[in-house]
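Please follow the account below alongside the sequence and the coordinates.

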Amino acid sequence: MKLTYYGHSTCHLEIGSTNIIFDPFIRGNEKASHIDISTIKADYILLSHGHNDHIMDAIPIANQNESTIITNFEIHSWYKNKFEYPKTHPLEQGGSWKFDFGKVKCVNAIHSSSLPDGSDGGNPVGFVLDTPEGNFYFAGDTALTMDMKLIPMFTKLDFAMLPIGDNFTMGIEEAVIAAQFIECKKIVGIHYDTFGYIEIDKEQARQSFADKGIELLLPAIGESITL
Ligand code: NI
Ligand code: MN
């Protein structure tokens, strides 16, 4: 499958003929100013929590594609009630649903989740996707948690998107342990370098993962990689 990185935690996946995007935050990211969101295709938009740096571009991308938004119950209700957006699917931790491109399981994340207008954004989550083209985990914003050890009991992962920027989420040291907990050797780093609090040394980050036999991929903003 093809992964295109749009900066911060925004990852676009092409799984067969299905386009999905995680946590779209592009217009608010100065480093992604060369990306034109009107060109982004998305049959599904998955939102890990309510913070603006994860949902800012969900409505424009949803409107232009008639996407289905998959998120927790509170954020699903917010899109239904506040935006009258009709195509949403609520999913909560522990729950799975089979979509046309594969199965999505909602898993724990340790973080917060208020919405931009102060509404309750429910609990932050991550997603594990089981598809004919491969299995992967999108961790959202989270601390390292023992709950990650549950993931490989159910799904053999081909790759995972983990936050590595520290301050708001786990940093590199913890993300290396997270990769070991989820038994995954190929990690795409997210939630780093967007603003001052989360700047990282990329070479050092790659080396920290490599020391444990894990590959850390850090595609440029707008770059596509095949996984
Ligand atoms: Ni957040
Ligand atoms: Mn965030």
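D141 and H191 are both buried, a term that denotes under 20% relative accessible area, with exposed meaning over 50% and partly exposed the range in between (1.4 Å probe, protein chains only). For D141 the relative accessible area is 2%, which is why the residue counts as buried. The model is predicted: local features need pLDDT of at least 70, side-chain atom pairs count only at pLDDT 80 or more, and totals for chains, interfaces and linings use all residues. Residues are numbered from 1 along each chain as its sequence is written, chains are lettered from A and ligands numbered from 1 in the order in which they are written, and side-chain values use heavy atoms, with hydrogens and water left out.

Both residues belong to a metal site. The manganese ion (ligand 2) is coordinated by D53 (OD), H54 (NE2), D141 (OD) and H191 (NE2), at 2.2 to 2.3 Å. Here donors are N, O and S atoms within 2.8 Å of the metal (3.2 Å for Na, K and Ca); water is not among the atoms, so sites may look incomplete. Along the chain, the manganese donors follow the spacing D-H-x86-D-x49-H. Because D141 lies in the loop between β10 and α4, and H191 in the loop between β12 (186–190) and α6 (202–210), the pair ties together parts that are 50 residues apart in sequence. Helices (H or I, at least four residues) and strands (E, at least two) are DSSP runs, numbered from the N terminus.

The nickel ion (ligand 1) has H49 (NE2), H51 (ND1), H111 (NE2) and D141 (OD) as its donors, at 2.2 to 2.3 Å. H111 counts as partly exposed because its relative accessibility is 24%.

Turning to the rings, the structure holds 13 aromatic pairs. Rings of Phe, Tyr and Trp (its six-membered ring) pair if their centres lie within 6.5 Å; planes under 30 degrees apart count as stacked, over 60 as edge-to-face and the rest as tilted. One of these pairs, F168 and F195, is edge-to-face, with 6.2 Å centre to centre and 80° between the planes. F168 lies in the loop between β11 (159–163) and α5 (172–181) and F195 in the loop between β12 and α6, 27 residues apart. F168 is partly exposed, at 39% relative accessibility. The rings of F168 and Y197 are also edge-to-face, because their centres are 5.6 Å apart and their planes at 90°. Y197 is exposed, with a relative accessible area of 60%. Elsewhere, ring pairs join F22, F127, F136, F138 and F159 into a cluster.
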